Amino acid sequence: MSTETKHIASKKKARFDYAVEESLECGVALQGTEVKSVKAGTISFPDAFAEIVRGEVWVKGWRISAYAFSSAFTHDPDRPKKLLLHKAEIKRLSRKVDEKGFTLIPLDFYLKNGRVKLSLGLCKGKKQFDKRAAIKERDVTRDMQREFRKGLHG
């Protein structure tokens, strides 16, 4: 059985603002036209985060716009969406979030075998100097690659 994945959207800013310690693949419980809207790419999640409430993981701040071709049966674009995880995974995440100050941030959205999946990151916030170091490292790497290419062609 082949696993066909199609990338929908990613949150690049999350990898800059947070240090991603671990990443999990989660299913998402969606209603009616939400799946068609996600497949069409009409999603927005700049401030999205996940929260553990009574043993369930919920994503808040993830907006799925109304499907353009739907009739009267549309969904609420801003409702919290439930993530599908095993109980043991939820307990482990809950312990880390409570004890060590981690945050659950959605990183990527994709389709896997026709089902909407979400890559949930267990993240810790970066300080300002960490962000500056990441920018400097990226610039140095870019300059090195540019010089290397110049040496090959020049």
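Which backbone oxygen does the side chain of Lys124 reach, and at what distance? In this predicted model, the answer is the backbone oxygen of Lys100, at 3.2 Å.

**View 1. Lys124 and its contacts.** Here we're looking at Lys124, which sits in strand β9, residues 115-125. With a relative accessibility of 34%, Lys124 counts as partly exposed, because that value falls between the 20% and 50% cut-offs. Setting aside residues up to four places away in sequence, Lys124 touches Tyr18, Ala19, Lys100, Gly101 and Phe102.

**View 2. Helix α3 and what follows.** Helix α3 covers residues 87-100, 14 residues in total. Just after the helix comes Gly101, with a positive phi of about 75°. Gly101 is also among the residues that Lys124 touches.

**View 3. Ser119 and its contacts.** Back to strand β9, this time for Ser119. Ser119 has 9% relative accessibility, so it counts as buried, the cut-off being under 20%. Its side chain makes a polar contact with the side chain of Ser23, at 2.8 Å. Beyond its neighbours within four places in sequence, Ser119 is in contact with Ser23, Leu24, Ile105, Pro106, Leu107, Asp108 and Tyr110.

Key. Residues are numbered from 1 along each chain as its sequence is written. This is a predicted model: local features need pLDDT of at least 70, side-chain atom pairs count only at pLDDT 80 or more; totals for chains, interfaces and linings use all residues. Side-chain values use heavy atoms; hydrogens and water are left out. Helices (H or I, at least four residues) and strands (E, at least two) are DSSP runs, numbered from the N terminus. The expected span of a helix is 1.5 Å times one less than its number of residues. Buried means under 20% relative accessible area, exposed over 50%, partly exposed in between (1.4 Å probe, protein chains only). Contact means heavy atoms within 4.5 Å. A polar contact is a pair of N or O atoms within 3.5 Å; within protein, one must be able to donate a hydrogen and the other to accept it, and residues adjacent in sequence count only if both atoms are side-chain atoms.
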